[in-house]
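Here is a short briefing to read with the sequence and the 3D view side by side. Take your time and find each element as you go.

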Amino acid sequence: MCTQLFDPKVDYVFKNIFGSEKHPRILISFLNACIKPKEPIVEVKLKNTELTKEYIEDSFSRLDILAKTSTGELINIEMQRADERNMVKRSLYYWSKAYISEYTGKGAYANLPRTICINVLDFILLEEENFHNKYLIQNAKNNNLLTDTLELHFIEIPKMKDIDESDLLSIWVGFLEDPNNEKVISLERKVEELQEAKEELARISRDPKEAENYRMRENARNDRLNALLSAEEKGIAKGIVQGRAEGENLAKINIAKGLIGLISDELIAEKTGLSVEEIKKLK
C-alpha cells in the first residue's frame with residue numbers, strides 16, 4: 001500500500017476501525033485477544049457510533065467504543081495518547097457510567113451487567129513489567145475473586161518491545177504502533193481480521209473527507225495539549241514569583257511527563273527549561 005497511512009492510535013481513526021458496524025470481526029478479534037474469555041465472543045452490538053463534526057472538533061470529547069456482547073456483557077474501549085495523570089480514576093468513572101447505563105431504576109441489582117473497561121494507552125502508566133495488565137476485585141489476603149462484574153484492562157503500547165506472533169493481542173498492539181511493520185504485514189496473510197483492519201485504515205487514509213476529520217481531531221488534541229501546557233506554565237510562573245524553587249521544578253517535571261511521547265525531547269526541553277538528559281531519565 002503506497003498511501004501514507006493515518007496513525008491508528010488517533011482516537012478518531014481507532015474508532016473508525018474497531019468501532020465500525022461494517023467490520024464487527026475486527027472488534028471481536030481484538031476483544032477475544034484482550035479479555036481471553038472462557039467462551040469466545042462471537043457477536044457484539046455497538047452502542048455509541050456517533051462521529052459528528054461536533055464530537056470530532058471538541059478537544060474534551062471522548063471517542064470511545066461501547067459494545068454489548070450477545071451474552072450481555074458491556075465493554076468500553078478507549079484509546080488515550082496523552083497522560084493527563086488521571087487515568088486510573090478516569091477508567092473507574094467510565095466503568096461506573098457504563099455499568100449503570102442500562103439500569104432504569106426498576107428490577108433487581110442482580111441483573112446489572114458484567115462490565116469491562118479496556119484502556120489502550122500510548123504512554124507508560126503502571127509500575128508493571130507487562131504491556132497488558134488486568135485488574136479485578138479480589139480478597140487482599142487470599143486473592144479469592146469477589147465478583148467478575150468489574151474488570152479493568154490497561155494496554156501500554158510503549159512497553160511492548162517486539163511482536164509475539166503466538167499472541168494475538170501482541171499482534172494488534174503491533175498494528176496500532178506501526179501498521180507498516182514488516183511483521184504486521186507478514187501476519188496479514190494469517191490473520192484475516194488484521195488484513196481487514198489494514199484495508200479499512202488504507203481506505204480512511206485515501207478519503208479526502210476522512211483526511212479533513214483526521215486533521216480536525218489532531219487540531220483538537222493540540223488545542224487541549226496547549227491548554228494543559230499553558231495552565232502548567234502559569235503554575236511555574238507563580239512558583240517563580242513566590243520564590244518556590246522546589247515547586248517550580250516539580251511543575252516542570254509534571255509538564256515534561258505529560259508531553260513525553262507527544263512531541264520531541266528537544267521541544268519538551270525548550271518548553272520546560274529541563275535538559276534533554278533530564279527528560280530521557282523521566283522516561
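The points below go from the whole chain to the sheet, the helices and a few single residues.

This is a predicted model, in which local features need pLDDT of at least 70, side-chain atom pairs count only at pLDDT 80 or more, and totals for chains, interfaces and linings use all residues. Residues are numbered from 1 along each chain as its sequence is written, and side-chain values use heavy atoms, with hydrogens and water left out.

**The whole chain**

- The chain has 11 helices and six strands. Helices (H or I, at least four residues) and strands (E, at least two) are DSSP runs, numbered from the N terminus.
- Of its 283 residues, 47% count as buried. Buried means under 20% relative accessible area, exposed means over 50%, and partly exposed is in between (1.4 Å probe, protein chains only).
- The accessible surface of the chain comes to about 15,600 Å², with 49% of that belonging to carbon and sulfur atoms. Such areas come from the Shrake-Rupley method with a 1.4 Å probe, and for residues only the protein chains shown count as cover.
- Take the contacts between residues at least 6 apart in sequence: 62% of them join residues at least 24 apart. A contact here means heavy atoms within 4.5 Å.

- In what order do the six strands of the open sheet lie? The order is 1-2-3-4-6-5, and the pairing is mixed.
- The edge strands are strand 1 (44-46) and strand 5 (132-138), each of which pairs on one side only. Two strands pair if DSSP finds at least two bridges between them.
- On average, neighbouring strands of this sheet are turned by 20° against each other, direction ignored.
- As background, strands of a sheet pair through backbone hydrogen bonds, either parallel or antiparallel.
- Strand 2 (residues 65-69) and strand 3 (residues 74-80) are an antiparallel pair with four bridges. Ile 65 stands opposite Ile 77 in strand 3.
- Strand 4 and strand 6 pair in the parallel sense, over seven bridges. Here you can look for Leu 121, which stands opposite Glu 156 in strand 6.
- Strand 5 and strand 6 run antiparallel and are joined by six bridges. Lys 134 has His 153 in strand 6 as its bridge partner, and Tyr 135 has Leu 152 in strand 6.

**Helices beside and beyond the sheet**

- Which strands does helix 2 (residues 24-35) lie across? Helix 2 lies across strand 1, strand 2, strand 3, strand 4 (115-121), strand 5 and strand 6 (145-156).
- Helix 2 runs at about 95° to strand 4. Axes are lines fitted to C-alpha atoms, for helices over the stretch in contact, and angles run from 0 to 180 degrees between N-to-C directions.
- Asn 16 lies in helix 1 (residues 11-18) and counts as buried, at 12% relative accessibility.
- Asn 16 and Glu 200 are 184 residues apart along the chain, yet their C-alpha atoms are separated by 8.4 Å.
- UniProt, in an unreviewed entry, places the feature "coiled-coil region" at residues 180-207. UniProt positions are given in the numbering used here, feature names are shortened, and annotations may be inferred rather than shown by experiment.
- In the model, residues 180-207 are 75% helix and 0% strand, with the end C-alpha atoms 19 Å apart.

**Two loop residues with positive phi**

- Lys 36 is found in the loop between helix 2 and strand 1. Its phi is near 50°, a positive value in a residue other than glycine, and Lys 36 counts as exposed at 51% relative accessibility.
- Asn 143 lies in the loop between strand 5 and strand 6, a hairpin with six residues between the strands. Asn 143 is not a glycine, although it has a positive phi of about 65°. Asn 143 counts as exposed at 53% relative accessibility.

**Cysteines**

- How many disulfides does a search of the whole structure find? The search finds zero, where a disulfide is a pair of cysteine sulfur atoms within 2.5 Å.
- Cys 34 is buried, with a relative accessible area of 2%. Cys 117 is buried too, at 1%.
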